[in-house]
Amino acid sequence: MGIVNVTPDSFSDGGEAFDPARAVDRAWRLKEEGADILDLGGESTRPGAPPVGAEEELARILPVLEGLKGIGIPLSIDTYKPVVMREAVRAGVGFINDINALQAEGAVAVAAALPAAVCLMHMQGEPRTMQRAPSYDDVVGEVHAFLARRVAAALQAGIARDRLTVDPGFGFGKGLEHNLALLRHLGRFADLGVPVLAGLSRKSMIGQITGRPVGERVFGSVAAAVLAVIGGARIVRVHDVRATRDALAVVAAFQETV
Ligand code: HH2
């Protein structure tokens with residue numbers, strides 16, 4: 001899953017694709033690099049990011065969706081707002097990536113009525129404050145229990161299991177030790193019975209481990225994506241598609257021969 005941020009302030013590439021034409025170019029480039037799905041976001045969720053209204057989010061996203069008609073791979077919308085989900089799906093999106101796991105008022109019902117897959121992600125707190133003091137007794141158990149509850153709520157609302165994906169939400173209300181525990185135990189999420197998505201690309205945990213600024217985290221991010229896939233992730237959300245694809249091709253060749 002290649003990332004296209006249509007925002008002025010995302011942590012890794014804020015502003016790079018804020019202009020719709022540049023976002024469209026970036027999307028085509030990521031497709032050429034081998035992305036199977038593109039995740040478009042109109043609101044940054046980096047720690048400390050201020051919220052954006054639905055109208056502003058749609059004003060950022062809709063021109064890009066218009067420009068991507070005919071791109072030929074599934075498009076995902078990174079949003080937690082039901083109105084944005086509905087309009088984005090109407091404009092051609094087939095995957096709703098919700099960092100809030102459909103907990104916003106009306107979100108489960110709206111998603112259930114739309115012809116789209118859904119990613120349910122775990123977050124402790126909210127983006128503005130989540131990195132202040134993340135705290136867990138048992139991070140893997142607590143994230144697993146939350147995702148199990150959200151899968152159950154989605155199923156109950158009529159969202160078929162084969163439309164669902166879960167994500168432990170690396171960096172969303174988690175310190176380095178929490179992120180590492182989740183990565184180490186990603187296999188524990190397999191019993192939820194839906195594919196696991198992992199987003200580690202260029203995140204601060206890569207910076208904490210390598211000491212590198214955001215623009216120099218490609219190698220660390222690729223290592224994290226490889227570990228996530230070996231740990232059972234079926235989708236990895238990344239900025240550096242070509243590098244990740246090459247690394248995962250080696251993993252796939254290795255797994256076929258063992
Ligand atoms: N991380 C970000 C945004 N959306 N969605 C899922 N499912 N999993 C993630 O880990 C995830 C996500 C990070 O937020 P942002 O500040 O918007 O930066 P970027 O989109 O460049 O990663």
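## Ligand shell and confidence in a predicted model

An oxygen atom of the ligand lies 3.2 Å from an N or O atom in the side chain of Ser-44, and this is one of the polar contacts tabulated below, a polar contact being a pair of N or O atoms within 3.5 Å. The structure is a predicted model, in which local features need pLDDT of at least 70 and side-chain atom pairs count only at pLDDT 80 or more, while totals for chains, interfaces and linings use all residues. Residues are numbered from 1 along each chain as its sequence is written, and side-chain values use heavy atoms, with hydrogens and water left out.

| Side chain (N or O atom) | Ligand atom | Distance |
|---|---|---|
| Asp-167 | nitrogen | 2.6 Å |
| Arg-237 | oxygen | 2.7 Å |

Of the 480 Å² of accessible area that the ligand has on its own, the protein covers 99%, with areas taken from the Shrake-Rupley method with a 1.4 Å probe. Strand E1 (2–5) and strand E5 (117–121) are the elements that give two or more residues to the shell around the ligand; strands are DSSP runs (E) of at least two residues, and helices (H or I) of at least four, numbered from the N terminus.

The ligand is surrounded by 21 residues, the closest being Asn-5, Asn-97, Asp-167, Lys-203 and Arg-237, where a residue counts if one of its heavy atoms lies within 4 Å.

As for confidence, the mean pLDDT (the predictor's confidence in each residue, from 0 to 100) of the protein is 95, and 97% of its residues reach 70 or more. Among the elements, helix H9 (residues 241–257) has the lowest confidence, at a mean of 95, and strand E7 (residues 197–198) the highest, at 99.

Methods. A polar contact is a pair of N or O atoms within 3.5 Å; within protein, one must be able to donate a hydrogen and the other to accept it, and residues adjacent in sequence count only if both atoms are side-chain atoms.
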